[in-house]
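Hi,

Here is the structure I promised to pass on. Have a look at it first, and then read my notes below.

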Amino acid sequence: MIRKLIFFFPLQLLLVNLKRNHLLLILWLILFGFVSKLIASKYGIYYLFLAPEYLGTVSFWSYGIMGFAIGGFVMTFNISSYIINSKRFPFIAALKRPFLRFCINNSLLPFIFMTYYILQVIHYHINNENTSLTTIAIYVFAIVFGYTINIISSLTYFLSTNKNIFKKLGISANLDDEKQVNSLFTKQENIYETLKNNRKWHVEMYLHTPFIVKPARDISHYDKKMLKSVISQNHLNASFFEIVIFISLIGLGLFSENVYCVIPAGASIILFFTILFILMSAFYAWFKGWTTIIFVSLFFLINHLSKNDQFNYDNMAYGLNYTSEKADYSNQNLYNIGNNLDTINSDKKNAIAILNNWKNKNNSTTKPKIVFINTSGGGSRSMLWTFYMLQTSDSLTNGKLFNQTHLITGSSGGMIGASYFRELALQKPALNHSIYSKNYANNISQDLLNPIAFSIATNDFFFRLKKHKVGNYTYRKDRGYSFERQLLLNTDNALDKNIKDYTLPEYNSEIPIMILSPTIINDGRRMLISSQPISYLTSNKHPNSVKNKSIIENIEFTRLFEKQDANNLKFTSALRMSATFPIIMPRVSLPTEPKTNVIDAGMRDNFGKLTTYKYIHTFKKWINENTSGIIILTLRDKPKELVVNKQSINSITENFLSPVGSLYDNLFPIQDYNLDEMLHYLGNDFNKPIDIIDFELNNSKNEISLSWHLTGNEKEKILNSIHSKKNQESLKRLKLLLL
């Protein structure tokens with residue numbers, strides 16, 4: 001019995017993959033890691049599998065698409081395994097419908113995954129969404145239905161094209177079923193001797209159907225060339241099938257702007273893994289034993305070629321001119337731009353005029369408080385939290401909060417939420433609903449990740465064939481374009497503007513000034529993007545008493561790219577540049593010499609407070625004379641005071657990686673330490689109070705994922721955070737300060 005179990009075909013297939021085909025198993029392990037929350041749980045990847053959305057809702061169709069995608073992944077896994085492993089099990093060529101038998105016996109790993117996935121879906125809905133058992137049953141049926149449709153469709157093709165040895169020889173398969181198995185199987189050798197003496201992988205029993213076990217067929221009397229020809233013909237059909245799948249996926253990417261083609265993000269991830277399976281099997285079919293070294297060599301070759309413009313797809317900021325002369329990104333030019341006294345004085349006069357307009361708007365018998373809003377990054381959770389808190393706090397103060405807000409800074413999702421509220425405030429007279437309507441909160445909380453993931457799976461890593469035009473300039477479509485397009489769709493095109501469109505409303509103080517500050521990868525500097533001239537924020541000249549040769553830290557976007565049509569930059573591109581989380585979003589390349597790239601603003605200043613504090617310091621005289629004090633409203637996507645890590649004993653790996661891991665994990669607390677110290681020195685410049693008011697999202701345990709997708713349960717947690725004791729106290733304090 002033990003012998004039959006060890007030499008059982010399904011187990012032997014699993015063992016051969018464990019021994020020789022690690023690349024195939026890695027993808028399975030990653031999927032298991034996603035579904036089990038062991039991999040990327042902080043970023044909510046498991047929600048994309050357990051609560052997939054299609055057309056904006058979790059439904060029968062979303063789970064059906066997931067099941068269909070898993071079915072395609074499984075069939076491609078079977079095909080890849082067949083191409084790679086069939087030569088090690090030549091007895092399958094003597095079976096009727098060999099590929100079908102192979103798939104049945106290769107289903108151990110897919111069966112385990114499907115069972116585990118369905119159990120996780122059930123567990124998620126029972127414990128997180130309070131979904132009814134009937135609805136859960138419908139979702140499970142949808143998964144199985146989609147999976148079955150794909151498997152049956154694929155097998156139908158193979159059953160109609162693949163041949164076995166009996167078709168080749170024109171004999172009956174039923175007669176041969178009665179022949180004894182290979183004599184080697186009947187010898188009473190021990191298991192060790194059998195394993196030692198066999199070159200081929202030894203099989204004694206196999207699954208004829210999912211529920212019927214049969215002994216492996218004797219193949220000693222068949223012509224070896226004929227057996228090989230059967231397997232080769234099956235390989236050819238399998239390769240053709242993979243080519244069709246690959247072309248279909250690329251073709252699907254051409255219709256990515258059709259809302260019905262944008263499948264759930266989890267399904268897009270599985271599609272991407274499916275393509276990797278196809279590439280692996282293709283490499284093996286071509287290079288056999290050289291596959292690994294060729295694969296690694298090709299990776300390094302592509303990596304090297306990607307350094308050249310001819311082989312590199314740069315993501316661009318839409319509205320900028322990339323065809324004209326490149327901007328000079330040299331230390332000397334940056335110093336000249338940032339320290340031109342005439343320019344700085346002119347920009348200060350412009351800023352004072354805006355401050356005076358703000359003062360006139362808030363004209364009252366007493367001097368008003370001037371408000372600065374700082375909002376943190378954090379993907380969609382920060383986007384919704386920032387927007388909802390601005391709605392709520394502005395409503396509870398009868399509009400005074402936003403009316404007295406002069407400047408908004410921050411990073412990533414928080415700035416997107418703030419910019420949407422600002423735009424609604426600008427459009428207030430023409431809106432069909434109050435700016436405090438739940439409709440707008442629903443808009444900003446809609447999914448952004450599905451189109452991004454779909455673009456990655458079908459377009460970005462292969463052929464970026466589609467282009468789009470913005471004004472006079474043409475750009476390639478990629479996941480950056482998908483992000484901006486979906487953001488506009490979610491917000492009813494409210495943010496479909498260029499940065500120059502905000503120049504006059506900001507100048508007249510109809511809306512607060514907004515400054516975005518993405519981080520420049522090349523040297524860690526900050527790129528300050530604003531509709532107003534702000535060279536006074538880039539100057540680093542010290543008082544005469546300080547003798548120091550300082551370096552430029554902040555770069556003014558509109559002046560550096562004046563010849564590249566900087567004011568024509570799409571506002572959504574500016575937001576995207578400030579929210580470029582690595583891998584998920586493409587880093588943006590800018591038209592400079594040498595070429596520069598920017599990523600998320602949070603890498604340098606997650607709250608935009610460096611900008612706020614320098615602005616306050618620059619205009620401290622005016623603020624002291626014309627206001628009764630400063631309110632700095634901070635919208636945080638997690639508590640400021642984090643729980644101290646009590647883990648005292650680490651593994652060897654954790655000890656080895658802890659310096660790097662600790663630095664990343666504590667990146668934002670480190671920023672808080674530095675910013676609190678800066679605030680201490682800033683207070684010496686004022687004889688009026690500086691009140692810091694924090695609104696903190698209740699996310700100390702990272703229950704709300706850092707993602708561009710929110711589940712219904714996560715949205716509810718975000719909205720309920722306002723009821724925390726600390727946030728209620730902050731609301732009361734804010735109302736008193738604005739009386």
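This is a predicted model: local features need pLDDT of at least 70, side-chain atom pairs count only at pLDDT 80 or more; totals for chains, interfaces and linings use all residues.

Let's start with L504, which sits in helix α24 (residues 503–507); helices here are DSSP runs of H or I with at least four residues, strands are runs of E with at least two, and both are numbered from the N terminus. L504 counts as exposed because its relative accessibility is 55%. For that scale, buried means under 20% relative accessible area, exposed over 50%, and partly exposed in between, using a 1.4 Å probe and protein chains only.

Residues are numbered from 1 along each chain as its sequence is written, and side-chain values use heavy atoms, with hydrogens and water left out.

Now the sheet. It is open, has 5 strands in the order β9-β6-β5-β16-β17, and its pairing is parallel (two strands pair if DSSP finds at least two bridges between them). At the edges are β9 (513–515) and β17 (690–696), each pairing on one side only. From one strand to the next, the twist averages 15 degrees. Strand β16 (residues 630–636) runs parallel to β17 and is joined to it by 7 bridges, with I630 standing opposite I690 in β17.

Two helices go with this sheet. Helix α32 (residues 725–737) packs on it and touches β16 and β17, its direction making about 145 degrees with that of β17. Helix α17 (residues 341–361) lies across β5 (370–375), β6 (405–410) and β9, at about 125 degrees to β6. Contact means heavy atoms within 4.5 Å, while axes are lines fitted to C-alpha atoms (for helices, over the stretch in contact) and angles run from 0 to 180 degrees between N-to-C directions.

Next, how do helix α2 and helix α3 pack? Helix α2 (residues 9–20) meets helix α3 (residues 22–35) at an angle of about 105 degrees, and their axes are 7 Å apart. That makes α2 and α3 roughly perpendicular, because 65 to 115 degrees counts as such, under 35 as roughly parallel, over 145 as roughly antiparallel and the rest as oblique. N17, L18, K19 and R20 of α2 make the contact with H22, L24 and L25 of α3.

Leaving aside neighbours within four places in sequence, T618 is in contact with K348 and Y536. T618 and Y536 are 82 residues apart in sequence, yet 7.6 Å apart in space, C-alpha to C-alpha.

Finally, some backbone details. Most residues other than glycine have a negative phi, and most peptide bonds are trans. D492 has a positive phi of about 55 degrees although it is not a glycine; D492 is in the loop between α23 (479–490) and α24. S509, in the loop between α24 and β9, also has a positive phi, near 60 degrees. Are these two buried or exposed? D492 is exposed, at 58% relative accessible area, whereas S509 is buried, at 3%. The peptide bond from E593 to P594 is cis, with omega near 0 degrees, and P594 is found in the loop between β14 (592–593) and β15 (596–599).

Cheers
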